[in-house]
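Dear colleague,

Please find the structure that I am handing over to you placed directly below. The notes that follow set out what was found in it.

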Amino acid sequence: MLVTGLMRVLLFLAVLGVVATGVRLDPANPAASAFSAAAGEIGLRVFGLILWAASITSVIGASYTSVSFVVGQGAHLDQRRNLLVIVFIALSTGVFCWPVRPPFHC
């Protein structure tokens, strides 16, 4: 939770610093354009890294919570819980990437 909060603060300060200098942000992607205006191509790479890290921490946290609801609490379950979190993430990724077409279109 600390890492996610730190990333949000970093994103906010970066955008605030760029906007304070008078740069107009691209309405299609304001956060990326702020990093691009501040540091060019390297800024875009840093923005991508921050966004990737934020998404990974969210996936791991949500998976841990889901597995904890099923497995329950207890010190003897820690090793099993970690393995189940990994399996849950792998299965969720597989379901998401499975190329199935819906039977009908709404």
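**Overall arrangement**

From the N terminus onwards, the elements of the protein chain follow the order α-α-α. The secondary structure therefore amounts to three helices and zero strands, where helices (H or I, at least four residues) and strands (E, at least two) are DSSP runs, numbered from the N terminus.

Please note that this is a predicted model, in which local features need pLDDT of at least 70 and side-chain atom pairs count only at pLDDT 80 or more, while totals for chains, interfaces and linings use all residues. Residues are numbered from 1 along each chain as its sequence is written, and side-chain values use heavy atoms, with hydrogens and water left out.

The protein chain has an average pLDDT of 82, and 88% of the residues score at least 70; pLDDT is the predictor's confidence in each residue, from 0 to 100. Among the elements, the lowest mean pLDDT (81) belongs to helix α1 (residues 2–20), and the highest (86) to α2.

Of the 106 residues in the protein chain, 15% count as buried. Here, buried means under 20% relative accessible area, exposed means over 50%, and partly exposed lies in between (1.4 Å probe, protein chains only). Among contacts between residues at least 6 apart in sequence, 28% join residues at least 24 apart; a contact means heavy atoms within 4.5 Å.

**The packing of α2 and α3**

Two packed helices are described by the angle between their axes and by the distance between the axes. Helix α2 (residues 30–71) and helix α3 (residues 78–97) have axes that come within 9 Å and cross at roughly 120°. Axes are lines fitted to C-alpha atoms, for helices over the stretch in contact, and angles run from 0 to 180 degrees between N-to-C directions. The two helices are therefore oblique to each other, given that angles under 35 degrees count as roughly parallel, over 145 as roughly antiparallel, 65 to 115 as roughly perpendicular and the rest as oblique.

On the α2 side, the contact is made by Val59, Ile60, Ser63, Tyr64, Ser66, Val67, Ser68 and Val71, and on the α3 side by Arg81, Leu84, Val85, Phe88 and Ile89. By class, this contact of α2 with α3 comprises nine nonpolar, three polar and one charged residues. In that scheme, Ala, Val, Leu, Ile, Met, Phe, Trp, Tyr, Cys and Pro count as nonpolar, Asp, Glu, Lys and Arg as charged, and the others, Gly among them, as polar.

Ser68, which is located in helix α2, is buried, with a relative accessible area of 11%. Not counting residues up to four places away in sequence, Ser68 touches Gln73 and Arg81. Ile86, in helix α3, counts as exposed at 56% relative accessibility. Between Ile86 and Ser63, which are 23 residues apart in sequence, the C-alpha to C-alpha distance is 8.4 Å.

Met7 sits in helix α1 and is buried, its relative accessible area being 9%. Residues up to four places away in sequence aside, Met7 touches Ile50, Ala53, Ala54 and Thr57. The C-alpha atoms of Met7 and Ile50 are separated by 6.7 Å, although these residues are 43 apart along the chain.

Arg24 belongs to the loop between α1 and α2 and counts as exposed, at 79% relative accessibility. Its C-alpha atom is separated by 9.2 Å from that of Ala37, 13 residues apart along the chain.

Ser33, found in helix α2, is buried, with a relative accessible area of 17%. Leaving aside its neighbours within four places in sequence, Ser33 is in contact with Leu25 and Asp26.

Yours sincerely
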